[in-house]
Amino acid sequence: DSHAIETGVFRAKAMANSYLVYTAVQLVTGRQRPLQGTGKGNFFQTIGLDNSFPSGHAILTWTAASTIAHEYPKPWVEWLTYGAETLVSVTRFTGLHHFPSDVVGGNTFGYLIGRHIFREHCKAGLSPICKKQ
């Protein structure tokens, strides 16, 4: 199935791009996690890739959801993919791993990266919302 293959390739490309964005933003922002320091999530306080902003789980799962939902733009697919990713995002906040803004940032980056990869590389005729000629 060429549509399923395209979806898999786009998802892999989008996930690779998301990981690069995640890594760069993590290194630049250095935000403390909710249980670190004063618990206020200060920026530029930590070094490495275990910082709070953005949520890695959120960016990667929303990238996958965005890619799949754009490839298969049916209400049930969107509800299933975005619903599952929303649950992942909520657990990152409720588990005190991230602040809400970390999760929203990850969701936003992930959605936009998935959408961008789809729009730039989709093949007309495979997905009904592909606008390429």
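Okay, let's start with a word I'll need: a contact means heavy atoms within 4.5 Å. With that in hand, among contacts in this protein between residues at least 6 apart in sequence, 66% join residues at least 24 apart.

Some housekeeping. What you see is a predicted model, where local features need pLDDT of at least 70, side-chain atom pairs count only at pLDDT 80 or more, and totals for chains, interfaces and linings use all residues. Residues are numbered from 1 along each chain as its sequence is written, and side-chain values use heavy atoms, with hydrogens and water left out.

So, the overall picture. There are four helices and zero strands, and along the sequence the pattern reads α-α-α-α. Helices here are DSSP runs of H or I with at least four residues, strands are runs of E with at least two, and both are numbered from the N terminus. The C-alpha atoms fill a box of roughly 55 × 25 × 20 Å along the principal axes. The accessible surface is about 7,400 Å², and 66% of that belongs to carbon and sulfur atoms. Those areas come from the Shrake-Rupley method with a 1.4 Å probe, and for residues only the protein chains shown count as cover.

Now, inside. Buried means under 20% relative accessible area, exposed means over 50%, and partly exposed is in between, with a 1.4 Å probe and protein chains only. Of the 133 residues, 44% count as buried.

Look at helix H1, residues 2–29. H1 has 28 residues and spans 40 Å from first C-alpha to last, close to the 40 Å expected at 1.5 Å a residue. That expected span is 1.5 Å times one less than the number of residues. The buried residues of H1 include His3, Glu6, Phe10 and Tyr22, and what covers the buried ones includes H2 and H4.

Which residues make up the largest nonpolar core? There are nine: Phe10, Ala14, Tyr22, Ile59, Ile113, Ile117, Phe118, Cys122 and Cys130. H1 and helix H4 (100–121) are the elements that give two or more residues to this core. A nonpolar core, by the way, is a set of buried Ala, Val, Leu, Ile, Met, Phe, Trp, Tyr and Cys residues joined through side-chain atoms within 4.5 Å. In soluble globular proteins, nonpolar side chains tend to be buried together. Take Cys130: leaving aside neighbours within four places in sequence, Cys130 touches Phe118, Cys122, Lys123 and Ala124.

Next, the loop between H1 and helix H2 (56–71). Most residues other than glycine have a negative phi, and most peptide bonds are trans. In this loop sits Phe44, which has a positive phi of about 60° although it is not a glycine. Is Phe44 buried or exposed? Phe44 counts as exposed because its relative accessibility is 62%. Pro54 is in that loop too, and the peptide bond from Phe53 to Pro54 is cis, with omega near -10°.

Further along, Leu96 lies in the loop between helix H3 (75–94) and H4. Leu96 also has a positive phi, about 60°, and counts as partly exposed because its relative accessible area is 46%.

Last stop: helix H4 holds Leu112.
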